[in-house]
Amino acid sequence: MPADFISSLFVFILAAFLGLELIKRVSPLLHTPLMSLTNALDAIVVVAAIIIAGRHETKVSTILGLIAVVASFSNMVGGFLITDRMLHMFKSTKAKKS
Amino acid sequence: MSPAALQQLIDFSYIAAVIGFILALKWLSSPVSAMRGVLIGEIASGVAVAATLFDPQVVHYKWIIVALIIGAGVGIPLGLVKMTAVPQRTALSHAFGAMSAALIGVAEYYVGTPHLSKFEMAEIGLEVIIGSLTFTGSIIAAGKLQEILPQRPITYKGQNFVSLSVLATAITLMLILIFHPGYTHLFSAMVVVALLFGVMLVTPIGGADMPTVISLLNSYAGFSAALLGFVLDSKVLVVAGALDGASGFILSVIMCKAMNRSFTNVLFGAFGQVQTTAAKGTEERAVRSATAEEAAAILAAANKVIVVPGYGMAVAQAQHKVRELFDSLTKRGVDVKFAIHPVAGRMPGHMNVLLAEADIPYDKMVEMDEINGEFPQTDVALVIGANDVTNPAARNDASSPIYGMPILDVDKARTVMVIKRSMATGFAGIDNPLYYLDRTLMLFGDAKGFVGNIVRELSSGA
């Protein structure tokens, strides 16, 4: 097994367990913004898409990479935007009165 | 700057991004710090994207900039949809995310073939299969949520056998490719079969199960990104994918528990079929109904009211009238709370967002487990557009298809009021014994109109 696979697996296991612990603590109030936020964070795939498209190795890989840039960057922009909008709506009784 | 120093700088920016991602999720634990969480997430992602543009591997900029602009152009309208449309928007973004991951995997295959090692081929194959099936599965889910596709489960005899054979075909093709990575036509076939499997995975699942399905697809989309991280040896993708996958997984478990279903049951059981037969044997029974005037009088005399909203409330666009009712009762000194069942909306947490949009304070929204103990001391439980989540048959009728599903114990309140269009059965097609209780008053009418009438009665009576 390649060494980079093993190190990725270490990172994956740690991140997955950390994720489980963090997400368990997210208030159920915010489960919808949680999903849109993790979606936006997951859109970091765009960095891989930029490299695939930018390396310009073959025509096919460049075109596929560019489509992936569009799709993942739209997720990033849209995901943060809607999460932000939703969180702005959550107000407590105190905040409402003041 | 030397290329080595530049590469290090890029790597450090990815490490910073990972820290940002973790803090973003940590701060989402409460609505107070959540805004800060989004901000750090935005900064982290921005830093990572900016650093990548300086990567020496990137030699062609023009089209990338164009693609980023188009991406922003697509993303902004998708970030501005109505709150009722958030579930289908989310499904669509799972589709986009999974598609990106799959496309990058496909590009890696075409660049590397036929010199891919067995290990690389296995990683790419698995990643592309999961990405592809999540892509089409999410598109179908979005179509169902948008009501372009029928919400009822579409089933036929031997469906599970056919679907699993299709999945087995995709995996077999992948196994052949591991030994013969140069067979590009087999790779294309594998992608097509995986896309087909995604369609077959979601079409048999009914609308009522959408909160679970959308969470599962969330999890798959995350894991496909993590797998892509393995393929590209990109730790930032592994971390982001693992966090997203873990989040989707936890939400799926919560949704399954809330409906008393197992994963396999959601994926392989056609829920709708059993229920249509179960709904048939019910005879006509007497119910008590009341007018808006009577309802207003009872509410005005109450000390404690719990509102139980369901998705029907959002369909009727009644949430703003419900807020007026909340204001009017609160002004009279009535303690008003909202009981939120985990599957009250169409995705996890959806009902909270719909109520927050109507300006209802979040500290009045209480989860099922916390509020169930309060119903016996409650004067009025007002059910608006919710049905199955209030059905006492889930607690005491072992023959009911929803038996065992955790419900809101509205039948324990002193008076129960149910706003409903007619006596027609709910989404799952099951009769609700709650409606025939002596303490239950049926308020027949459109939710928005009826709540509006109650508010008017309350203000004229004051």
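User: Why is Met35(A) called buried?

Analyst: Set the count against the cut-off. A residue is buried if 20 or more other C-beta atoms, placed from the backbone, lie within 10 Å of its own, exposed if 12 or fewer, and partly exposed in between. Met35(A) has 28 other C-beta atoms within 10 Å, so Met35(A) is buried. A word on the source: this is a predicted model, where local features need pLDDT of at least 70 and side-chain atom pairs count only at pLDDT 80 or more, while totals for chains, interfaces and linings use all residues. Residues are numbered from 1 along each chain as its sequence is written, and chains are lettered from A and ligands numbered from 1 in the order in which they are written.

User: How do you know which residues Met35(A) is in contact with, beyond its sequence neighbours?

Analyst: Two residues are in contact if their C-beta atoms, placed from the backbone, lie within 7 Å. Setting aside neighbours within four places in sequence, Met35(A) meets that test with Thr90(B), Asn218(B), Leu251(B), Met347(B) and Pro348(B). Met35(A) itself sits in helix 2 of chain A; helices (H or I, at least four residues) and strands (E, at least two) are DSSP runs, numbered from the N terminus.

User: How many residues are in contact between chain A and chain B, and which helix of chain A gives the most?

Analyst: In chain A, 80 residues are in contact with 95 residues of chain B. Helix 1 (3–24), helix 2 (31–42), helix 3 (45–55), helix 4 (59–89) and helix 5 (93–97) of chain A each supply at least two residues of that side of chain A. Helix 4 of chain A gives the most, with 26 residues.

User: What makes residues on that side of chain A nonpolar, polar or charged?

Analyst: Ala, Val, Leu, Ile, Met, Phe, Trp, Tyr, Cys and Pro count as nonpolar, Asp, Glu, Lys and Arg as charged, and the others, Gly among them, as polar. Sorted that way, the side of chain A that touches chain B has 50 nonpolar, 21 polar and 9 charged residues.

User: How do you know what span to expect for helix 2 of chain B?

Analyst: The expected span of a helix is 1.5 Å times one less than its number of residues. Helix 2 (residues 31–53) of chain B has 23 residues, and its 34 Å from first C-alpha to last is close to the expected 33 Å. Its buried residues pack against helix 2, helix 3 and helix 4 of chain A, together with helix 1 (3–26) and helix 9 (235–258) of chain B.

User: Why is helix 5 of chain B called largely enclosed?

Analyst: By the burial count, 23 of its 28 residues are buried, so helix 5 of chain B is largely enclosed by the rest of the structure. Helix 5 (residues 118–145) of chain B reaches 40 Å, close to the 40 Å expected. Glu147(B) follows helix 5 of chain B and has a positive phi, near 65 degrees.

User: What makes strands 1 and 4 of chain B a pair?

Analyst: Two strands pair if DSSP finds at least two bridges between them. Strand 1 (residues 304–309) and strand 4 (residues 380–384) of chain B are joined by 5 bridges and run parallel, so they pass. Strand 4 of chain B is also joined by 5 bridges to strand 5 (residues 415–420) of chain B, again in parallel. Ile384(B) is the bridge partner of Pro309(B), and the partner of Ile384(B) in strand 5 of chain B is Ile419(B).

User: Why are strand 3 and strand 6 of chain B said to stand at the edges?

Analyst: The open sheet of 6 strands in chain B has the order 3-2-1-4-5-6, with parallel pairing. Strand 3 (365–367) and strand 6 (440–444) of chain B each have a single partner strand, so one side of each is left without a neighbour in the sheet. From one strand to the next, the twist averages 25 degrees.

User: How do you know that both faces of strand 4 of chain B are covered?

Analyst: Val380(B), Leu382(B) and Ile384(B) on one side and Ala381(B) and Val383(B) on the other are all buried.

User: What are the bounds of the domains of chain B, and how far apart are the domain centres?

Analyst: Domain bounds come from an automatic or database domain assignment. Chain B is divided into domain 1 (95–271) and domain 2 (292–461). Their centres, taken over C-alpha atoms, are separated by 37 Å, and the contact takes 13 residues from domain 1 of chain B and 11 residues from domain 2 of chain B.

Key. Axes fitted to C-alpha atoms, helices over the stretch in contact; angles between N-to-C directions.
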